[in-house]
Amino acid sequence: MTRHSLPVTRNYSKSFIHARGGNPLKDAFTKGFLAGAIANIPSVIVDLALVKGIGFGQTTYADFAAVLVYGHRPEGLFSFIFAQLVQWFFSALMGAVFAYWIESTHKAYLNFKGIVFGLTLWFLAYVLAIAYRLPTLSKVTLDSSIEHYIAAFIYGISLAVVYQRLDQGTEHV
């Protein structure tokens, strides 16, 4: 039998997550994406509690997502839910960006870096809203700015804590 007549066999039975045979949390993108999605939970709770619960601020981060997707604030429950899912995806994606940043630097002072990252996202959201004159977002009240600052701070610290926990879980794998 010649070398060319041997059949090539591949094992396609493994899932796409374990396709490389390892722990998916060893991958910076996956670990960061998951950390960003999880870190968004307390941020969204605070965002909604402050704006919808006690009336501190007029816009949620879902409103930002809605304006980017629809061109206006959400109108109705399903519009709001979809905008919130878009915002959640963005937060997860920013978690992946955070992971690549952390992987390229030293992991010291991770909580501080998380806070800086979260507040940078807050600042950039406002800069882009004003620079591109996005409807309903280019003129934001002080209480909305403070509310978003608090939510971004919570997202940043949560992102650092969750990322660190996920990263510690991969040390022994």
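Of the 173 residues of the chain, 38% count as buried, where buried means under 20% relative accessible area, exposed means over 50% and partly exposed lies in between, computed with a 1.4 Å probe on protein chains only. The model is predicted, with local features requiring pLDDT of at least 70 and side-chain atom pairs counting only at pLDDT 80 or more, while totals for chains, interfaces and linings use all residues. Residues are numbered from 1 along each chain as its sequence is written, and side-chain values use heavy atoms, with hydrogens and water left out.

The chain contains 5 helices and 0 strands; helices (H or I, at least four residues) and strands (E, at least two) are DSSP runs, numbered from the N terminus. Read from the N terminus, the order of elements is α-α-α-α-α.

Two packed helices are described by the angle between their axes and the distance between the axes. Here axes are lines fitted to C-alpha atoms, for helices over the stretch in contact, and angles run from 0 to 180 degrees between N-to-C directions. Helix α1 (residues 28-53) packs against helix α5 (residues 142-168) at an angle of about 150°, with the axes 8 Å apart. The two helices α1 and α5 are therefore roughly antiparallel to each other; angles under 35 degrees count as roughly parallel, over 145 as roughly antiparallel, 65 to 115 as roughly perpendicular and the rest as oblique. The contact of α1 with α5 involves 16 nonpolar, 5 polar and 4 charged residues. In this division Ala, Val, Leu, Ile, Met, Phe, Trp, Tyr, Cys and Pro count as nonpolar, Asp, Glu, Lys and Arg as charged, and the others, Gly among them, as polar.

Within α1 lies N40, which counts as buried because its relative accessibility is 0%. Leaving aside neighbours within four places in sequence, N40 is in contact with Q87, W88, S91 and Y155. Q87 belongs to helix α3 (residues 77-104) and, at 9% relative accessibility, also counts as buried. The side chains of Q87 and N40 make a polar contact (3.1 Å), that is, a pair of N or O atoms within 3.5 Å; within protein, one must be able to donate a hydrogen and the other to accept it, and residues adjacent in sequence count only if both atoms are side-chain atoms. Beyond four places in sequence, Q87 touches N40, V44, Y61, A62 and A65.

Helix α3 also packs with helix α4 (residues 110-131), their axes coming within 11 Å and crossing at roughly 135°. The pair α3 and α4 is therefore oblique. From α3 the contact draws on M94, V97, F98, W101 and I102, and from α4 on L110, K113, G114, F117 and L121. These residues divide into 8 nonpolar, 1 polar and 1 charged.

The loop between α3 and α4 holds Y109. Most residues other than glycine have a negative phi, yet Y109, which is not a glycine, has a positive phi of about 55°. Y109 counts as exposed, at 67% relative accessibility.

In α5, S145 counts as buried at 18% relative accessibility. Not counting residues up to four places away in sequence, S145 touches W122, Y126 and V140.

Key:
Contact means heavy atoms within 4.5 Å.
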